[in-house]
Amino acid sequence: MVSYKDLGLVNSRELFKKAINGGYAIPAFNFNNMEQMQAIIQACVETKSPVILQVSSGARKYANQTILRYMAQGGVEYAKELGCNIPIVLHLDHGDSFELCKSCIEYGFSSVMIDGSSKPYEENVELTRKVVEYAHKYDVTVEGELGVLAGVEDDVKAESHTYTRPEEVEDFVSKTGVDSLAISIGTSHGAYKFKPGQKPEIRLDILHEIEKRIPGFPIVLHGSSSVPQDIVAEINHYGGHLKDSIGIPEDQLREAAKSAVCKINIDSDGRLAMTAAIRKVLVEHPEEFDPRKYLGPARDKLKQLYIHKINNVLGSNDKI
């Protein structure tokens with residue numbers, strides 16, 4: 001058993017309190033390699049923003065659970081080296097079983113998500129409560145989910161979208177003891193969220209109704225990438241084939257971040273940014289074979305994207 005506190009990490013409890021009171025959201029950025037980690041830490045140090053480092057079950061399989069733990073610890077020390085001891089959470093994204101959540105807690109995660117949203121309501125409650133009871137023994141925070149987001153990202157797949165029912169949230173929170181709640185109000189996983197001609201819209205009316213029912217409780221938005229069209233165009237210009245993909249407008253996310261939404265997950269936009277930079281190098285310099293020569297620019301482009309998100313969408317800059 002490794003305690004996250006020995007790694008220099010924090011859980012999300014105090015960060016969420018500050019975010020709700022301050023009208024901003026904490027960035028939750030996914031990572032599974034060194035360049036992503038470097039970009040996240042550099043961006044958050046430069047903007048003086050707290051951050052949630054997210055690991056999906058797919059990333060855990062890809063990068064190895066032990067390596068990821070030490071990468072997170074390395075991220076803490078790297079931030080100090082860069083001159084700013086920012087609060088860093090290591091969070092399991094979309095855990096689908098008690099066993100996975102338990103394993104992550106034992107490997108030093110400071111926060112876990114148990115996603116029972118695809119199960120019948122009572123099963124979701126039972127599974128979530130079981131994870132909470134275990135996690136809280138070690139002062140690890142837990143995120144639950146009500147409602148189903150459509151889309152595909154890593155191991156998370158759903159064809160249809162089910163909005164969170166505000167009338168269920170009070171019961172769910174009280175029965176499970178979760179520290180935060182992911183809701184479904186119109187966001188979706190992956191890059192292919194909406195097609196041109198559609199009008200992506202977050203159901204702020206549902207969000208505000210949920211806020212009334214559980215005032216001051218931390219709310220989480222998943223699937224909140226905006227799929228920047230300039231980055232999509234750059235990918236396609238350099239040989240990619242991303243067609244008819246648009247995401248959640250950033251102004252809607254900023255509005256949500258001013259409410260009880262205190263954690264916003266962004267993954268696909270980062271993947272797109274890195275892919276655009278890598279394609280550009282390989283097309284313009286086909287003789288190149290040194291991974292540093294294309295992963296370096298990919299890291300730099302990801303950093304700039306995250307600085308933009310922190311300053312202009314999440315509002316978490318200067319909040320440490």
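**Aromatic pairs, ring by ring**

Phe98, Tyr134 and Tyr138 form one aromatic cluster. This is a predicted model, where local features need pLDDT of at least 70, side-chain atom pairs count only at pLDDT 80 or more, and totals for chains, interfaces and linings use all residues. Residues are numbered from 1 along each chain as its sequence is written, and side-chain values use heavy atoms, with hydrogens and water left out.

Visitor: How many aromatic pairs does a search of the whole structure find?
Guide: Rings of Phe, Tyr and Trp (its six-membered ring) pair if their centres lie within 6.5 Å. Searching the whole structure that way, the count comes to four.

Visitor: Are the rings of phenylalanine 29 and tyrosine 306 stacked or tilted?
Guide: Planes under 30 degrees apart count as stacked, over 60 as edge-to-face and the rest as tilted. These two have centres 3.7 Å apart and planes at 10°, so the pair is stacked.

Visitor: Is tyrosine 138 buried, partly exposed or exposed?
Guide: Buried means under 20% relative accessible area and exposed over 50%, with partly exposed in between (1.4 Å probe, protein chains only). Tyrosine 134 is buried at 12%. Tyrosine 138, at 36% relative accessibility, is partly exposed.
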